[in-house]
Amino acid sequence: AGGELALVKSFESCSEIEARLCAGGLIKRTAAIVWTGVQRLAKAAAATAVDLNAKFAADGDAFKGELGFGGLEQFFGGLEALIGAPKMLEGSLFKAMQAEHCD
């Protein structure tokens, strides 16, 4: 009994926590995950903010005149009136967002 709180309270030093993390392989597993991300980033077509911005700023007048203010009708209509209702995946907004942005 006591679980995680008891475990946390049982630590007597920083070095004890470090030893547990190393013994459990957390450092090695975390490094492997970070390394996978580093490799994916190195292969990315647009690796820097400047590169990402370049596709939008190719022409200095690319967005000229496209932005403007709406009236009260647009303001009080909310986002749903402007971009539509959120899409669900298996009844979950979170799953839909994850599929759209992570998969």
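Student: Is C22 buried, partly exposed or exposed?

Tutor: This is a predicted model, where local features need pLDDT of at least 70, side-chain atom pairs count only at pLDDT 80 or more, and totals for chains, interfaces and linings use all residues. Residues are numbered from 1 along each chain as its sequence is written, and side-chain values use heavy atoms, with hydrogens and water left out. Buried means under 20% relative accessible area, exposed over 50%, and partly exposed in between (1.4 Å probe, protein chains only). C22 has 45% relative accessibility, so the label is partly exposed.

Student: And C102, buried or exposed?

Tutor: The relative accessibility of C102 is 59%. With the exposed class starting over 50%, C102 is exposed.

Student: How many disulfides does the count come to?

Tutor: A disulfide is a covalent bond between the sulfur atoms of two cysteines. The rule here asks for a pair of cysteine sulfur atoms within 2.5 Å. By that rule, the count is zero.

Student: Which side chains meet in a salt bridge?

Tutor: The criterion is a side-chain nitrogen of Lys or Arg within 4 Å of a carboxyl oxygen of Asp or Glu. Searching the whole structure turns up one such bridge. Its N to O distance is 2.9 Å, and the partners are E90 and K95.

Student: Where does E90 lie?

Tutor: E90 is exposed at 67% relative accessible area, while K95 is partly exposed at 37%. Helices (H or I, at least four residues) are DSSP runs, numbered from the N terminus. E90 sits in the loop between α5 (72-83) and α6 (93-102).

Student: What phi does E90 have?

Tutor: Most residues other than glycine have a negative phi. E90 is not a glycine, yet its phi is positive, at about 55°.

Terms used. Helices (H or I, at least four residues) and strands (E, at least two) are DSSP runs, numbered from the N terminus.
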